[in-house]
Amino acid sequence: MLTHTFAFSGFAVPDIEAAHAFYRDVLGLAVEEAAMGQLSIDLPGGGWVLVYPKPDHVPATYTVLNLEVDDIDRGVDELEASGVALLRYEGMGQDDRGIARGIASGFGPDIAWFTDPAGNILSVLQNPPVD
């Protein structure tokens with residue numbers, strides 16, 4: 001087994017300034033400038049993500065960051081009020097708002113997907129209550 005002392009995740013964007021503004025002003029995360037033109041985003045509950053510039057960036061085709069909220073409808077309202085458009089995926093059973101209602105079906109969390117300015121896929125989700 002690997003012996004490690006620390007772990008973090010990271011993803012790329014082509015425009016660090018646009019990412020900085022989006023993650024700070026739209027998503028409300030604590031964002032700090034890091035070495036070599038990178039960003040460090042503090043995550044609620046602990047941990048952090050490194051965001052690094054990559055001029056030939058190709059957006060991830062999977063979710064790179066999930067943000068848990070207490071109320072999915074309020075979270076979607078806040079995103080839309082900031083100009084964020086939700087993604088629609090065929091076969092995901094999303095409602096008119098773009099929310100996949102997993103809690104009601106017993107399938108999992110209520111979740112909605114969107115992208116950052118670089119096209120990376122993010123989500124806002126509400127987990128089912130714990131019994």
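User: How many bridges join strand 3 and strand 4, and in which sense do they pair?
Analyst: Keeping in mind that this is a predicted model, strand 3 pairs with strand 4, which covers residues 48-53, in the antiparallel sense, and the pairing runs over four bridges.

User: Which residue in strand 4 is the bridge partner of I41?
Analyst: The bridge partner of I41 in strand 4 is V49.

User: And the hairpin there, what about its phi angles, which residue takes a positive one?
Analyst: In the hairpin of strand 3 and strand 4, where five residues lie between the strands, G45 takes a positive phi near 90°.

User: Ok, going back a step, how does strand 2 pair with strand 3?
Analyst: Strand 2, residues 30-33, and strand 3, residues 39-42, pair in the antiparallel sense over four bridges, with E32 standing opposite S40 of strand 3. The hairpin of these two strands has five residues between them, and within that hairpin M36 takes a positive phi near 55°.

User: Switching topic, what is the strand order in the open sheet of four strands?
Analyst: The order is 5-8-7-6, and the pairing in that open sheet is mixed. Strand 5 (63-68) and strand 6 (100-101) are the edge strands, since each of them pairs on one side only.

User: Which way do strand 7 and strand 8 run, then?
Analyst: Strand 7, residues 110-115, and strand 8, residues 121-126, run antiparallel and are joined by six bridges; W113, for instance, has S123 in strand 8 as its bridge partner.

Terms used:
Residues numbered from 1 in each chain as written. Predicted model: local features only at pLDDT ≥ 70, side-chain atom pairs only at ≥ 80, totals over all residues. Heavy atoms only, no water. Pairing = 2+ DSSP bridges.
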